[in-house]
Amino acid sequence: MSNSARPIRHHALIAVALLLLLTTTGSAQDWIRTGTGLGVERVRLAASDFKPSTTDASNTDLLKTFNDTLWSDLDNAGIFDLVSKSFYPLQEPGQPSEVNFTAWNSPPPNTSMLAFGNLGAAAGKVTVQGWLYDVKNEKSPQVLGKQYVDNATNDAVRVIAHKFADEIIFRLGGGVAGIAESKIYFVSERTGHKEIWMMDYDGANQQQITHMGSISLSPRISPDGSRLAFSSINKGGWEIMMYSFDLNRMVSFPRFGGMNLSPSWSPDGKIAFSSSRNGYPNIFTVDASGGKSLRLTNDQGPDVSPTWNRKTGAQIAFVSGRTGLPQIYTMEADGTNLQRVTDQGYAVSPNWSPNGQFLTFSWMRKYGPGEPGSNDLYLMDVASKQWVQLTHDAGRNDFPCWSPDGRHIVFQSHRSGSDQIWTMLADGTNVKQLTSKGANTQPNWSWK
Amino acid sequence: MAITTMTIARWGALVFALGTIMFLGACAKKVAPPPPPPPPAPTAPTASLSANPNTLDKGQSTTLTWQTTNATDVSIDGIGAVDTSGSRQVTPSDSITYHLIAKGAGGTQDATARVTVNAPPPPPPPPPSVTEEELFAQNVKDIYFDYDKYDVRADQQGSLQGDAQFLQQHPNIHITIEGYADERGSTEYNLALGTNRADAVKNALIQAGIGGDRIKTISYGKEKPFCTESNESCWQQNRRGRFVYEK
């Protein structure tokens, strides 16, 4: 059993950093839930609406954007017990001097932490002051105090809210940076062609990046966020393409011939991908400019969808159909020490967690005649091959990808009736839909 | 009218009778010694020539038959001297008139026989409206695959042999084999699977003697389905190696 995948069934099997929450559902089915790096006790946090600090007419609109964004970021973080606004005292503070500690640190809000502040526009600029108070520590309450100045636009205010949220999450989340400023890259068909798009981590600011006019797939952002690799079909076939965010245009990348698909960045900027340049699709690596090509697999495959261990860069997981239905394998980054990690069904689209410990992937575990089967997302501890199921009875789910903080997973799901981008916490909870226009697939989360 | 005709006939008979009397009278007047009897005149030759059959297709033979009398020297143009009578097989490549000359003491006689050679039946030319590309579309069959498989299954071998035969008969045609997959499963894996399917068809054609330089491959995975319903008959339509004419 040590070499085959097995479900996590008992607490004794839990990997050290794997937190299990056993949830009994109405259907009497036990769903095992897991999260990474989550505390058992969530910090109880209240986020009071920010107050206007000037009399500018645009304040109302900007405040709504700011307050909605901040609340959403703190709610999405997955580490807070966010106190409902209906429990808040009538007098919400805009300044430290206005904080009534007793009203906040005792029921009904009974919060430990309070975020509050003010926002004011003047002469086209907006100033935001924000604080985080430990309201149970009246003598020395301030955890955080920040001031931001930018143009008085909704976009700028949204960015300020993300920055402030990330400061709070960093302070209260064990020193792990928040993701409110991260980006998600994906494929959208909304123009009639599959092109690469990007959006904020919460679904805002969806914008088109490529205009290839053909079929573009598998966007993968570089660790530093400066370059986007993807694959696109042209007259000669599928080739790896490269977009530069420094230059805001396509930059050249070698064409290898045959089918070249599914690029993946290592932490130090190498690229693994599937190439049929020598016949069957196999896994190759190249450096960031496409040179120093190295062949890692040599079989009929097809081998596709490599993903690097994002922490060490020393291992690669990938999909191979060498034994029939596709299974997930791992190997060293030089192609040695090949190990099969799934033992049945149809397993595809692996993605390695930022801490190097987990794979998430899409698995139709009991595929076959008479097995209805659906593509669900799973999480596997790489060392022990123990796994848990993250999605249940919710359409076809594919292309899971970890957030930079390892607390979230973005994925593609057909649960709404069309393929859309969704996020959830890494324990399968807090599921949110990010896209709805056209069909949207293959999300890829930035590294920071 | 009847009376007039009778009158002319009576006058004609009279003129003939008078003429005869005058001629006989003249001969009787000049009596000359009889000339020496001439040597017996040699009989003139006769000749006939025939061809059977006299109409044939190119490459076929016909039999020339000839007969002569009173000839000592018989020849046929293009064949040369022959017996005074006989037959011979000939295989003319074009329509021809055989000319026989029979010479004898009594003179020369010739005979001819015409042989018509039909041009070979032209290879049935494709009606001018049917292009090579249309023939390709009519004759070449796509290859279908099982779920998650890329080997050419037994029931597709007939199509594959037919395709290879067509490509052998049309050596100028270049093709692209497009690999397709059904909607089930993942985008990236299906593209890789489609690559293997296209390559499987290409390799089978190469084995059947088609030059690999005439065949390109490309995979569309499940990106361009032929059929968009979610059932097996539709999925089967989408699991294929498609032949595309490239000239």
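**Note on a predicted two-chain model**

1. Of the 448 residues in chain A, 50% are buried, a residue being buried if 20 or more other C-beta atoms lie within 10 Å of its own, exposed if 12 or fewer, and partly exposed in between, with C-beta atoms placed from the backbone. This is a predicted model, in which local features need pLDDT of at least 70 and side-chain atom pairs count only at pLDDT 80 or more, while totals for chains, interfaces and linings use all residues. Residues are numbered from 1 along each chain as its sequence is written, and chains are lettered from A and ligands numbered from 1 in the order in which they are written.

2. Chain A contains 3 helices and 33 strands; helices (H or I, at least four residues) and strands (E, at least two) are DSSP runs, numbered from the N terminus. Among the contacts in chain A with a separation of 6 or more, 46% join residues 24 or more positions apart. Two residues are in contact if their C-beta atoms, placed from the backbone, lie within 7 Å.

3. Chain A is divided into domain 1 (43–172) and domain 2 (183–445), with bounds that come from an automatic or database domain assignment. The centres of these two domains of chain A, taken over C-alpha atoms, are separated by 37 Å. Their contact takes 4 residues from domain 1 of chain A and 6 residues from domain 2 of chain A. The domain 1 side has no nonpolar, 3 polar and 1 charged residues; Ala, Val, Leu, Ile, Met, Phe, Trp, Tyr, Cys and Pro count as nonpolar, Asp, Glu, Lys and Arg as charged, and the others, Gly among them, as polar.

4. Chain B is likewise assigned domains, namely domain 1 (46–118) and domain 2 (132–245). The centres of domain 1 and domain 2 of chain B, taken over C-alpha atoms, are 63 Å apart.

5. The chains meet through 15 residues of chain B and 29 residues of chain A. On the chain B side, the elements that give two or more residues are H4 and strand S11 (215–221). H4(B) gives the most, with 9 residues. By class, this side of chain B has 5 nonpolar, 6 polar and 4 charged residues.

6. The largest nonpolar core has 134 residues, and A:Phe66, A:Ile184 and A:Tyr378 have the most contacts inside it. Such a core is a set of buried Ala, Val, Leu, Ile, Met, Phe, Trp, Tyr and Cys residues joined through C-beta atoms within 7 Å. Helix H4 (residues 187–207) of chain B gives the most to this core, with 9 residues. A second, separate core of 12 residues includes B:Leu64 and B:Trp66.

7. Beyond its neighbours within four places in sequence, A:Tyr378 is in contact with several residues, including A:Phe361, A:Trp363 and A:Trp387.

8. A:Ala439 lies in the loop between strand S32 (432–433) and strand S33 (440–445) of chain A. Is A:Ala439 buried or partly exposed? A:Ala439 is partly exposed, because 15 other C-beta atoms lie within 10 Å. Leaving aside neighbours within four places in sequence, A:Ala439 is in contact with A:Glu189, A:Ser418 and A:Asp419. The C-alpha atoms of A:Ala439 and A:Ile421, 18 residues apart along the chain, are separated by 8.9 Å.
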